[in-house]
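Please consult the sequence and the structure shown here while reading.

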Amino acid sequence: MTYKELYNFAYHFLLEKEGVTEKLIQQHFQPEYNKPKNINTIYQRFCETAQNKQMSTKVIGGSIGGVEKLNSLLFDFDPKKVSKTFGKNDSEKLLNEIISELKPKGQIRRTSRSIWPLFCQSVIDSAHFLSEFKNADSFYTWADFFAKDEKAKPALPMLISIEISGIGFPLACDFLKEIGFLNFGKPDVHLKEIFKELYLINPNENSTIKQDYLTLKLIDKIAIENNITAFEVDKIFWLIGSGNFYLSDIQIGRNRNLFIEQVKNHFNL
């Protein structure tokens, strides 16, 4: 089975689902942002990324009406003003202001590993990180230094994950691809499980970091062989795994296991 055969099989697997058309798939091949020129927008995207793990989207955005509601507390998402107002250890201060001003729904746990304190720390870390750049262009100059070098590329999400607590390697990849770095995919759990089950990456690898790295490299290889972007590869396998055509009302359910079974049968794996 070549990477070209795998991708074509995956693409047509989706097309066979009720309500799924080629136009619908293509709509999902566009990132949420396309290299925004305003660093405030980049900062807002970091805040959105910080809530995109596990239950956090529902707990954070769902309880305040969306991350964009933080604009009143974050100076319209101005990272320099936020970094001057909140020190790196002021996550509790920020959380208190969110509770006072936005009155989030539901219970708010304050232990160090709870969702809200972790999110607030990510918001503050993101502001301090971005405040080191003069503007959006200077951020892209820095990011492109890594992103345009295939061997150095994995270092970019790794550096972001070190700078910003709560945004690990996969979420850093997700941040990059959704602001317009189309040569990045996200080593999402759906992709990792599909690739492990098809023995495209080592299923016995115990290191999560290495799994993420191998998945990122495999996404690149599939993209190159099919002459498409890593973003497109990411979306196809993510849509299979999640079943969530989020730009429409189409929900096909999770198809990861069915896809794996059909690939194995079709290619005699």
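Which residue caps the N-terminal end of α9? In this predicted model, the cap is Asn135, with a side-chain oxygen 3.2 Å from the backbone nitrogen of Asp137.

**Helix α9**
- Helix α9 comprises 12 residues, 136–147. From the first C-alpha to the last, α9 reaches 16 Å, close to the 16 Å expected at 1.5 Å a residue.
- The buried residues of α9 are Ala136, Phe139, Tyr140, Ala143, Asp144, Phe146 and Ala147. They cover an arc of only 155° around the axis, which means that they lie on the same side of α9.
- These buried residues pack against α3 (39–50), α8, α10 (155–163) and α11 (169–178).
- Thr141 and Phe145 are exposed on the other side of α9.

**Residues with positive phi**
- Most residues other than glycine have a negative phi.
- Phe77, although not a glycine, has a positive phi of about 60°. Phe77 is located in the loop between α5 (61–64) and α6 (79–85).
- Phe77 counts as buried because its relative accessibility is 3%, below the 20% cut-off.
- Lys103, likewise a residue other than glycine, has a positive phi near 50°. The loop between α7 (91–102) and α8 (115–130) contains Lys103.
- Lys103 has a relative accessible area of 59% and is therefore exposed, the cut-off being over 50%.

Key: Residues are numbered from 1 along each chain as its sequence is written. This is a predicted model: local features need pLDDT of at least 70, side-chain atom pairs count only at pLDDT 80 or more; totals for chains, interfaces and linings use all residues. Side-chain values use heavy atoms; hydrogens and water are left out. Helices (H or I, at least four residues) and strands (E, at least two) are DSSP runs, numbered from the N terminus. Buried means under 20% relative accessible area, exposed over 50%, partly exposed in between (1.4 Å probe, protein chains only). The expected span of a helix is 1.5 Å times one less than its number of residues. The arc is that of the directions from the helix axis to the C-beta atoms. Contact means heavy atoms within 4.5 Å. A polar contact is a pair of N or O atoms within 3.5 Å; within protein, one must be able to donate a hydrogen and the other to accept it, and residues adjacent in sequence count only if both atoms are side-chain atoms.
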